[in-house]
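Student: Can we go through this one together? I'd like to start with charged pairs, then move on to the sheet.

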Amino acid sequence: MRLKFIIGFIIAISILLLGRVYFISIQSHDHYEELSKENYIKKFYTVAARGSIKDRNGKYLAVNKVGFAITLKPHLRSKKKFENVKNVAKLIVKYFPEFKYEKLLKRYKKLDSPYRHKWIKIVEYIDYNDLFKHYSIFNSNENIKIESAIKREYLYKDVAAHILGYVGKVPKKDTDKNKQMKHFKQVGRTGIEKYYDNLLRGTIGYEKYKVNAVYQKIKLLEEVKPTKKEIKLTIDIELQKYIHKLFGKKAGAVIVMNINNGELLAAGSFPEFDNNLFVNGISHKAWNSIQEDFNHPFTNKLINGLYPPGSVMKMGVAISFLENKIDPNYKTYCTGELILGNRKFRCWKKKGHGTTGFIKAIRESCDDFFYKGSLKVGINNIHKTLNRFAIGVKTGIDLPNESKGINPDKKWKKATKKLPWYVGETVVASIGQGFISVTPMQIARYTGAMATNKLQKPHLLKDDSLIQSLDTNISKRDIKIIQKGMYHVANKKKGTAVHYIKSKIVVAAKTGTAQVVGIPQSEKKRMKEHELEYFKRSQAWLTTYAPYKDPKYVITVLVEHGGHGGSAAGPMVGKIYNKLIKLGYIDSKD
C-alpha cells in the first residue's frame, strides 16, 4: 500500500512538472517572446514641429524659429563635480549675459537626481545665429551637449494677440490625462493656438529599432511619420495692423466681419501685448506690468468683455415693439424725462426730442420713446425678440472660453437674484442698461442680422465648412424700418453719428453710450462725459454696416470709457471702411 502511494505521488509530481514545462515552453511562448522583444526592440517617438499660422493671404503670423538648447551631463551635484556645472554657467553668462548665473545653477539642482540619466536642459533656447558664432567653444566641453531647439515666434508681436493666443509648456495635468502629451514640448494656452491645438500639434510618429544591450540602434524595423497641419485664418494682417495703430492706447475692441459668411477680417481686443513674452516663460516684471494695468490687457474683450450695450440695443428693442402690436406709426412726445412712481427716468437730451416715432427714435437715440414703448410690451417680450438675435447667447466663434452675457427677463431674475422683476427695470433695459450685458462679438453678429435678417456664426479659420447662417425671421416691414433708422444715424441731420463717420461709401450705423455708474436722482444737472473721472465715463459703442444698399461688412467698435459712441469711434470707423476700399474688399462705387 505504501509503495502504491509513493508511485502515485511520483506520477503526480511528474505530471505537474510536465504541465509547467508545457505552459512555459508552448503556451507562454508568445508572452515571453513579447517580453524578449521589449529588450531588443525599442520604439522612439517623434513629433513634428508645430504647424504655422497664416493670414487669409498666406502671410505667416506664427512660425517656429530654429535655434539651440544647452544640456549638461546628469549626476554632477557632488561638491567635487559641481565645479563643472559652475564653469558651464559662467561660460553661458559670458557669451549670453541675458541668462543669470544663479538661476542656471538652481535649475540644474532642481532637475538633477540619482535616478535621472538623461542630459539636463539648462537653457531652453538660444537663437541659431547667436550660438553658432560660439558653437565650437561650447561643443568642445565634454559636460555640454548642444541640441537643436525650436521656439514659437509671433511675427507681428502684439498685433492680433488675443486672436492668435500663445503656447506654453505642457502642464502636468495634461500629461496625467494623456500620456502621449509628454512627447510634446508645447501646448496652446489661449486663442487660436488653444482652440486648434490638436491640428497644430499634429499626431505622434515613431521609429521602431532593433537595439543592442546598451540600447544602441542597430536596425530600423518600422517608421511612422508624425503629422502636423498649417492653418490659414480669415483675418487680413494688413487691416489688423492698421486698426492696431488706429486704436492706439485706448482700451476696447474692434471687429470687422463679413456680413454674408461670418468671416472675421480683423478683430482686436485692446490693449494688446506681445505673445512672444509667454513662449519660454514670462518674467515676473513683465507679468506684473500686464497684470496691474487697469485696462485689463489679459481679457479678450472680443468674447469675454461683458458690457451694457446702451443704445445699440435699441434696434432690437424697436423690433420687439413692432412684433408686439405697436403700430409702425406710433409716436410719443419726449419732454426729456419719464416719471414713474417716485423715480425720474431721464432722456439723454435734457430738453427732450418732442414728437418722436421709430425712425427719429433711432436716428436721435431718444430714450423716452423706448421707455414708453417698453411699458406697453414688457420685459418678457423684449427678451424673446433679443433672444432671436442671440443676445446673451454664445456666438460659437472658434476661440476658447467665450462668455454668454445676460438677456434678462422675469424668470432670470427670480432664478439668479431670488427677487421679483420691477417695472423700472423694464424701462432701463429698453435702452440697454440695467442687468443686460453683451460681448462686442454678439453686437457685431446682431448688427449683421439688422442688415440681412440672418445671424452669421463668426469664425477665424478659413474654412467654408464653418459658415453657418440662421434666419431671424423678422418681417420685411420691420427690418426696413430699422435699416432706414440706421441710415439716418449716419447720413441725416441730427443723426448721432452724422458728423463723425467720413467714408467714401454709404454707412448705416447706431451709436451707444452705456453708463458705467448710475446718476443719482438728486442730481439735477447731468455732468458731461469729459467732466467725469476716466473710469466713471460711459462705454462708447458704434456698430455699423456698409455699403448700405448692398451690405458686405459689419464694423463694431467699443471704446471703454470713451463717452459718446459717435465722437469716440466714428472717425475710426470711417477710416476702416476707407481701408477696406483700398484693400479691395469694397468697391467705392457701392
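Student: How do the side chains of R152 and E193 meet?
Tutor: They meet in a salt bridge, at 2.8 Å from N to O. The term stands for a side-chain nitrogen of Lys or Arg within 4 Å of a carboxyl oxygen of Asp or Glu. R152 sits in strand β5 (residues 144-154) and E193 in helix α9 (residues 191-195), 41 residues apart. Helices (H or I, at least four residues) and strands (E, at least two) are DSSP runs, numbered from the N terminus.

Student: What should I know about the model and the numbering?
Tutor: This is a predicted model, where local features need pLDDT of at least 70 and side-chain atom pairs count only at pLDDT 80 or more, while totals for chains, interfaces and linings use all residues. Residues are numbered from 1 along each chain as its sequence is written, and side-chain values use heavy atoms, with hydrogens and water left out.

Student: Back to the pair. Is R152 buried or exposed?
Tutor: R152 is buried, at 1% relative accessibility, and E193 is buried at 0%. Buried means under 20% relative accessible area, exposed over 50%, and partly exposed in between (1.4 Å probe, protein chains only).

Student: Which residues are in the network with R152 and E193?
Tutor: Salt bridges with shared partners join R50, R152, E193, D197 and R201 into one network. The count of salt bridges comes to 26.

Student: Where are E263 and K462, another pair?
Tutor: E263 is in the loop between β11 and β12, and K462 is in the loop between β17 (454-456) and β18 (469-471), 199 residues apart. Their salt bridge is 3.0 Å, N to O. E263 is buried at 3% relative accessibility, whereas K462 is partly exposed at 33%.

Student: New topic. What is the strand order in the open sheet?
Tutor: The order is β12-β11-β21-β20-β19, 5 strands with antiparallel pairing. Two strands pair if DSSP finds at least two bridges between them. β12 (264-270) and β19 (508-514) are at the edges with a single partner strand each, so one side of each has no neighbour in the sheet.

Student: How many bridges join β19 to β20?
Tutor: 7 bridges join β19 to β20 (residues 539-546). One detail is that T511 has L542 in β20 as its bridge partner.

Student: And helix α13, how many of its residues are buried?
Tutor: 9 of the 10 residues of α13 (residues 314-323) are buried, so the helix is largely enclosed by the rest of the structure. Just after α13, K325 takes a positive phi of about 70°.
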